[in-house]
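This report goes through selected features of one structure. The sequence and the model are shown first.

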Amino acid sequence: MSAPAEQVLELAASLEKGGRLAEAEASYRKLTQEQPTHAVTHFNLACFLRRHGRLEEALQEHQAALNFRIEQPEEVLSNMAVIYTELRRDDDARALFERALTVNPDYIPAMFNLALQHEEFGDRKTALALFGRILELNPAWHDALIRIAHAVTVRDPDGTVVRRLRRALRHSNLDLLTRESLHFALGKALDDCGRYDEAFAQYELGNRASEPRLARYDRKLVERGVSRILESFTPERIAAAKPVSDRPLVFITGMFRSGSTLFEQVLAAHPEVTAGGEIDYFMRVPLSLEPTDWEGLARGYLDYLDRTFRGAAIITNKRPDAFGLLGMLKAVFPNARFVNTVRDPRDTCLSIWFQQFDGQLGYASDLGNIARHYGQYQRLMQHWRGLFDASIFDADYDEFVRDPQPVAESLLGFLGLAWHEGCLDFHKNRVRVRTASVTQVREPLYRKSSGRWRNYEKQLEGMRRLLGAG
């Protein structure tokens, strides 16, 4: 690479880091005009565009990098595959991951992402083989070990998986996120083995390690925000909004870890339903209390659905933390139906604490905060039921695992759908699942998660008091 090109690329990276995005892009663009065959510039520009959500443009620049024979093309192919995954073009993504591995059979990033795709589509055997191959190539690629620990039921507390997790945690040079992930994985493995005290201790270490990267959780601020919604969303305010569409939209909400993935898969097994997964469209902007602001937002959502799920009849949006938005959604989509997933609150709260979340769930690392957040969720749902109870269906996880057919029949009836026997074989679906429940929803129903809190009864006394649970 020539010195001037190096300097321009360093300058563009510095401008981006400083938030001067337009100037950074201009630097990249100018360099591509001056040296149009400089493959690395196209690659860096592609990465810049992807970081800022401009996926189609990023693909074009990555392709230019390939056309101009960039060194190590497997990295470019793998990056393009990840973008195709984000665009829900899964067949294209898989083809590019496989092409990257044809170029370099030992290229671990492509192998890892291909393994994730196989896992998310229900091919656990292939995924585990790929994760195992990664560990053969690089035993320090801890993410593969972590995926294995979550994908299998660990039987032996002294077996290979537990021993490797403990050995990995002894390394002093682990980055903070990897150490956190290893604690969560070891907690899960020890829970599988019935070593509940040891499991709880590992989850505690994992949650403590997660606190610096999580958003600060202000209990009073959340409570005031909920109170503001309750005061603002009156029948009059909802009636003042302009309805945008009478389409039978379906929103699956509730607390995280309360069965939302399970119920979406049950519905996705019906021939008239398409699983949308966790669509974050409405979570990208703060909730406005002004009805005049809702129409444009609603039309944008419909455009997104039409572009992404062409020809789909009923599309589910499984976004558990959207329960604060139900008033707005009902106002603009009067025929919308809301599936509120519920579960024993003790199991729900414990399962949240056992799960490693992204940085937005500030309450997830503290059992007291989780219980208080659950209380705010209950306040909101009680309010929405008072306004449009007939549009809300409580999908009870515990009832479903005890006797699935009556719950499934009631759920389908609520959505105006005829009974379909395949909904009881949801675990055979090959719809992509990209949540923490990816392993569980591929298995036939089991009851071991109902009443799981009893394994940790002595550690949960404070949380149970906050929930008002016995």
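## Tyr 301 and its surroundings

In this predicted model, Tyr 301 is in contact with Leu 249, Phe 251, Ile 279, Tyr 281, Phe 282, Asn 317 and Phe 333, once neighbours within four places in sequence are set aside. Tyr 301 also belongs to the largest nonpolar core, which has 125 residues. The members of that core that touch the most other members are Phe 131, Leu 165, Phe 251, Phe 282, Tyr 301, Phe 333 and Trp 384. Helix α19, residues 367-388, gives the most to this core, with 9 residues.

Another core lies apart from the largest one and has 24 residues. Leu 267, Tyr 397, Val 401 and Phe 414 are among them.

## Aromatic pairs

Across the whole structure, a search finds 30 aromatic pairs. One of these joins Phe 251 and Phe 282, with the ring centres 6.4 Å apart and 65° between the planes. That angle makes the pair edge-to-face, because the cut-off for this class is over 60 degrees. The two residues come from distant parts of the chain, 31 residues apart: Phe 251 is in strand β1 (residues 250-254), while Phe 282 is in the loop between β2 (273-275) and α16 (294-308). Both Phe 251 and Phe 282 are buried.

Phe 338 and Phe 388 form an aromatic pair as well, with 5.8 Å from centre to centre and 40° between the planes, and this one is tilted. Phe 338 is buried, as is Phe 388. The four residues of these pairs, Phe 251, Phe 282, Phe 338 and Phe 388, belong to one aromatic cluster.

## Helix α8

Helix α8 runs over residues 124-137, which is 14 residues. At 1.5 Å a residue it should span 20 Å, and its end C-alpha atoms are 20 Å apart, so the two values agree.

Which residues of α8 are buried? They are Ala 127, Leu 130, Phe 131, Ile 134 and Leu 135. Seen down the axis of α8, the buried residues fall within an arc of 140°, so they line one face of the helix. The face turned away from this buried side carries the exposed residues Lys 125, Ala 129 and Glu 136. The cover over the buried residues of α8 includes α7 (108-120), α9 (142-151) and α10 (160-169).

## Salt bridges

Side chains of opposite charge can pair when their charged atoms come close. In this model the count comes to 31 salt bridges. One of them is between Arg 50 and Glu 86, whose closest N and O atoms are 2.8 Å apart. This pair links distant parts of the chain, since Arg 50 is in helix α3 (residues 39-51) and Glu 86 is in helix α5 (residues 73-86), 36 residues apart. Arg 50 counts as partly exposed, at 31% relative accessibility, and Glu 86 is partly exposed at 38%. Arg 89 and Asp 92 also meet in a salt bridge, at 3.1 Å from N to O. Arg 89 has 34% relative accessibility and counts as partly exposed; Asp 92 is likewise partly exposed, at 34%.

Lys 188 and Asp 192 form a further salt bridge, at 2.6 Å from N to O. These residues are 4 residues apart in helix α11 (residues 176-192), so about one helical turn separates them. Lys 188 counts as buried because its relative accessibility is 15%, under the 20% limit. Asp 192, at 24%, counts as partly exposed. Elsewhere, salt bridges that share partners join Glu 25, Arg 29, Arg 54, Glu 57 and Glu 61 into one network.

## Ala 39 in helix α3

Ala 39 is found in helix α3 and counts as buried, at 10% relative accessibility. Not counting residues up to four places away in sequence, Ala 39 touches Ala 65, Phe 68 and Ile 70. Between Ala 39 and Glu 61 there are 9.1 Å in space, C-alpha to C-alpha, and the two are 22 residues apart in sequence. Glu 61 is one of the residues in the salt-bridge network.

Methods
Residues numbered from 1 in each chain as written. Predicted model: local features only at pLDDT ≥ 70, side-chain atom pairs only at ≥ 80, totals over all residues. Heavy atoms only, no water. Salt bridge = Lys/Arg side-chain N within 4 Å of Asp/Glu carboxyl O. Buried < 20%, exposed > 50% of the residue type's maximum accessible area, 1.4 Å probe, protein only. Expected span 1.5 Å × (residues − 1). Arc of directions from axis to C-beta. Contact = heavy atoms within 4.5 Å. Core = buried A, V, L, I, M, F, W, Y, C linked by side-chain atoms within 4.5 Å. Phe/Tyr/Trp six-rings, centres within 6.5 Å; stacked < 30°, edge-to-face > 60°.
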